[in-house]
Amino acid sequence: MNRVWSFVNGAGGAFVLAVVIFGLALIGHVPVPLALAMAGIMVAYGVILLIGRRWEPIAVLGAPGADERAAQVHTRAAAVAGQVLALVIVVGFFYDIARGAVDHSIWPPLGGLFGVAYLAGLVIAMRRG
């Protein structure tokens, strides 16, 4: 199971996802150059994971649960990203209000989604101990 998880989190998963993205883009009638660009982004991510796996931040990105330290670093990075996202949502909402924008309908759903995701993560983390 550990090898499968390592594959899914690593470069192999990125390459498989590139093929899936390309196929779904073609099914969705996306122009071929755009479909190739979308898949190319995932291929580039996979190459970065392969080439940079000896650099610690890339190694944690490719295998966040490899050891206890990597898991803690990954958790802290996710927490910081969540705090930044919450700040962007609140500041973006107030910025739209301050500049007199008529449509600020994107901010409440994003804030709600963030709140629900946070609460779900909190419940899961509390159950795991």
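**Ground rules.** I am working with a predicted model, where local features need pLDDT of at least 70, side-chain atom pairs count only at pLDDT 80 or more, and totals for chains, interfaces and linings use all residues. I number residues from 1 along each chain as its sequence is written, and side-chain values use heavy atoms, with hydrogens and water left out.

**Helix H2.** I took helices as DSSP runs (H or I, at least four residues; strands are E, at least two), numbered from the N terminus. H2 covers residues 11-27, and its 17 residues should span 24 Å at 1.5 Å a residue; the expected span is 1.5 Å times one less than the number of residues. I found its end C-alpha atoms 24 Å apart, which agrees. Next I looked up burial (buried is under 20% relative accessible area, exposed over 50%, partly exposed in between, with a 1.4 Å probe and protein chains only). The buried residues of H2 are Ala11, Gly12, Gly13, Ala14, Ala18 and Ala25.

**H2 against H3.** How do the axes of H2 and H3 cross? They come within 8 Å and cross at roughly 175°, H3 being residues 32-51. Axes here are lines fitted to C-alpha atoms, for helices over the stretch in contact, and angles run from 0 to 180 degrees between N-to-C directions. H2 and H3 are therefore roughly antiparallel (over 145 degrees; under 35 is roughly parallel, 65 to 115 roughly perpendicular, the rest oblique). I then listed contacts, meaning heavy atoms within 4.5 Å. Residues of H2 including Phe15, Ile21 and Phe22 meet a set in H3, among them Met38, Met42 and Tyr45. The contact divides into 20 nonpolar residues, one polar and no charged (Ala, Val, Leu, Ile, Met, Phe, Trp, Tyr, Cys and Pro are nonpolar, Asp, Glu, Lys and Arg charged, the others, Gly among them, polar).

**His29.** I went on to the loop between H2 and H3, where His29 sits. Its phi is positive, near 65°. Most residues other than glycine have a negative phi. His29 is exposed, with a relative accessible area of 74%.

**Val60.** I found Val60 in helix H4, residues 56-62. At 12% relative accessibility, Val60 is buried. Not counting residues up to four places away in sequence, Val60 touches Ala70, Val73 and His74.

**Rings.** I looked for aromatic pairs (Phe, Tyr and Trp rings, the six-membered one for Trp, with centres within 6.5 Å; planes under 30 degrees apart are stacked, over 60 edge-to-face, the rest tilted). The structure holds one. Phe93 and Phe94 form this tilted pair, 5.7 Å centre to centre with 55° between the planes. Phe93 is partly exposed at 26%, and Phe94 is exposed at 52%.
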